[in-house]
Amino acid sequence: MMHPLNPALAATFRPPVMEARRWLEGLAFSQDRPLINVSQAAPVDPPPEGLRQAIAEAALNRPEAHLYGPVLGNADLREAVAAEWTRAYGGPVAPGNVAITQGCNQAFCAAVATVAGAGDEIVIPVPWYFNHKMWLDMHGIRAVPLSCGQGMVPEPQAAAALITPRTRAIVLVSPNNPSGAEYPAEVLRGFLDLCRARGLSLIVDETYRDFDSRPDAPHQLFADPDWGDTLIQLYSFSKAFRLTGHRVGALVASPARLVEVEKFLDTVAICTGQLGQVGALWGMRNLGEWLAAERAEILRRRAAMARVMAQMEGWRLKGCGAYFAWAEHPFAESSASLAPRLVREAGVLLLPGTMFMPEDDPAGARHVRIAFANADTGGIEALGARLSAFGRAAAGDLAGRAGGA
């Protein structure tokens, strides 16, 4: 027996992606029918060769690349982010607004650490990103679920009804994980106005901004001259430049908030890895056209996902964008038992909706998340074929049992 144990940590659910990987134990998949893995939103290919070469050269020739760096990140990368954000969003962002973090998850943890503590509340739309929920649970912060409306988009008016004296922030993810929904600019503006009026922080996670289907900036929040009093924006280089293993993200906020962020970062990591920052900066300077092509390919896969889902009997696509599809399945059983059965019987690994919803919300049992970005259009068509075949087999089994009765 282990003593002592933090009860808040003990009560937090285990990492969902790792749980899903355990469903593969003892199973084998043939070359003719390989596993279709749509469980995790992470690139499976390494970065482009030029970026890898830049990291290799830094490792060999830059002694400082192996030492501690500034807690808030290297100055050249902070400057590059500030310049790009100013250009992209049409509002001034300075290097003093930017912190570089060990991935976007750490950016979220740092942001929350500056706004809330045990006993406080943070409003999060459901379905939620499970790592966000886990962090809040670990620290005794109540996640208040906000149901989404049409198109899986949350509404500021609905959020206003959930605010209490303990509320400290509202968290939004757009494009959303897990639903794929892209929140309209006017919705994000409505949340900024609500948070400002009620004295709250608005945390906007834009990990997947590089794969938004809209050609222009998804919002104009940085054009607000007082954005820093309310807005905290999060970003990840992992998806854009395939740097998942290097853990490089960003947090954009007021200089006053970054004073507090620096305390958090210095305590948990001291600084973000130097080689990852070298790679992120090289990518920002050299991979614009390459990233545009990556975005175009993801949008093609999104269109294929929507087309395939429309042909699948009984399935209903609720949201689709960036890396994700959020789908309502046609089966009587809960997605919690359906998902591991799909691995065994269909060779498909996806995540059940129960991993993204409160335990008492029945919507979790009816939905699944499909991270389609790592499957090409042929793979997406094969996914649809397998899920459809599984559905026909399940319907046949049900009919057979009914006939036998």
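This is a guided tour of the structure, from its sheet to its core and then to a pair of helices.

The model is predicted, so local features are taken where pLDDT is at least 70 and side-chain atom pairs at pLDDT 80 or more, whereas totals for chains, interfaces and linings use all residues. Residues are numbered from 1 along each chain as its sequence is written, and side-chain values use heavy atoms, with hydrogens and water left out.

Select the sheet to begin with: it is open, has 7 strands in the order 2-8-7-6-5-3-4, and its pairing is mixed. Strands (E, at least two residues) and helices (H or I, at least four) are DSSP runs numbered from the N terminus, and two strands pair if DSSP finds at least two bridges between them. Strand 2 (98–101) and strand 4 (142–147) stand at the edges, each with a single partner strand, so one side of each has no neighbour in the sheet. From one strand to the next, the twist averages 25°.

Next, select strand 3 (residues 121–126) together with strand 4; the two run parallel and are joined by 6 bridges, and Val126 has Ser147 of strand 4 as its bridge partner.

Angles run from 0 to 180 degrees between N-to-C directions, and axes are lines fitted to C-alpha atoms, for helices over the stretch in contact.

Move to helix 5 (residues 103–115), where 10 of the 13 residues are buried, so the helix is largely enclosed by the rest of the structure. Buried means under 20% relative accessible area, with exposed over 50% and partly exposed in between (1.4 Å probe, protein chains only). Among the buried residues of helix 5 are Gly103, Phe108 and Val115.

Of its 126 residues, Ile122, Ile170, Leu202, Phe237, Leu251 and Ile370 touch the most other members. Helix 5 gives the most to this core, with 8 residues.

Finally, select helix 4 (residues 75–89) and helix 11 (residues 274–286), which pack at an angle of about 35° with their axes 10 Å apart. The residues in contact (heavy atoms within 4.5 Å) include Leu77 and Val81 of helix 4 and Leu281 and Met284 of helix 11.

Notes:
A nonpolar core is a set of buried Ala, Val, Leu, Ile, Met, Phe, Trp, Tyr and Cys residues joined through side-chain atoms within 4.5 Å.
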